[in-house]
Amino acid sequence: MAKQLTFIASGGRTGTQFFGDMLGRVVSDCHSEHEPDMVAGLSRLTVERIRRFGLWHMVAGRLLGRTGVRVVGQRYLEGRIPRDAALARLKALRAEYHAGLSESLIIESYYAWWMVAGEVGEIWPGARVAGILRDPRDWIASWLRHEPRRRNGALTERLPPGPLTPARIGDTDAARHWDALGQVGRLAWEWGTIARTLDRAAAASANVAVFRFEDLFGGDRAALERFVAFVATHDDGPRHEIGDLSAVTRTVRNASSGPKRGWQIWSDDEIAAVAAFCGPGMATHGYGTEAAWQDRVAAAGPL
């Protein structure tokens, strides 16, 4: 019997690890996992994953830029892998993993699936994608605390396939500004690209939906129930019981450390970049309606 598949996608810093760890505990006949083919330090889990996916896929292929969802997804966005070849490679990456699990429903949370959110249904017909977006101002601040060099010279971005940039995916308007952008501006472009990709996929398919981080983790029980029902429900195959969600703790995991640097202290250039790159997505999802933010955007002027 074919597996029921759900992929939770985001830009990171949105609770995907939490859902990967917890959903299997509240949804019946469900295996949920966060980044199932990523090295988890020197741990038993890493050993299990190497046995499952192989040393080439987990280590050597990553270092050479040959394996992994992010690698294939980014090369597809950059036009370096033909569409059919990219989708076939992504399907092959998960074939043995899916077949080796006994549960009928598999939920994988891994941020990089946003890159192919609109193509997942072609790879696995009937599969669902749940995108999670966070207010870009808080998302950027979280990344600045968690990984201060992200999109601005981080060591991991020197490895293949390299950093994702507007020039590499044909965004010529953003590319004109890229060299002059600081880290806030570059992260703003990334958020805008992720939001646009997820929103387009959701508009094209009922099997893709976008949820707000603030609703899921802000005490909105109805929003959390809608999210869990979406990821656990498929048109074909068995139905799954959903347990008591009050038993699912909302303790923040993998929280950012370091000093906060909120938008209130950003420069005019940084505010202008966020408004330019994130504005459409912010409007769609109800972010940035505060008068204080609107006043800052007006004072900052255009990018």
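Helices (H or I, at least four residues) and strands (E, at least two) are DSSP runs, numbered from the N terminus. This is a predicted model, in which local features need pLDDT of at least 70, side-chain atom pairs count only at pLDDT 80 or more, and totals for chains, interfaces and linings use all residues. Residues are numbered from 1 along each chain as its sequence is written, and side-chain values use heavy atoms, with hydrogens and water left out.

Me: Where is the place of Lys3?
Reply: Strand β1 covers 4-9. Lys3 belongs to the segment before β1.

Me: Is Lys3 buried, partly exposed or exposed?
Reply: Buried means under 20% relative accessible area, exposed over 50%, and partly exposed in between (1.4 Å probe, protein chains only). The relative accessible area of Lys3 is 26%, so Lys3 is partly exposed.

Me: Which backbone oxygen does the side chain of Lys3 reach at 2.4 Å?
Reply: A polar contact is a pair of N or O atoms within 3.5 Å; within protein, one must be able to donate a hydrogen and the other to accept it, and residues adjacent in sequence count only if both atoms are side-chain atoms. The side chain of Lys3 also has a polar atom 2.9 Å from the backbone oxygen of Glu103. The one at 2.4 Å belongs to Leu101.
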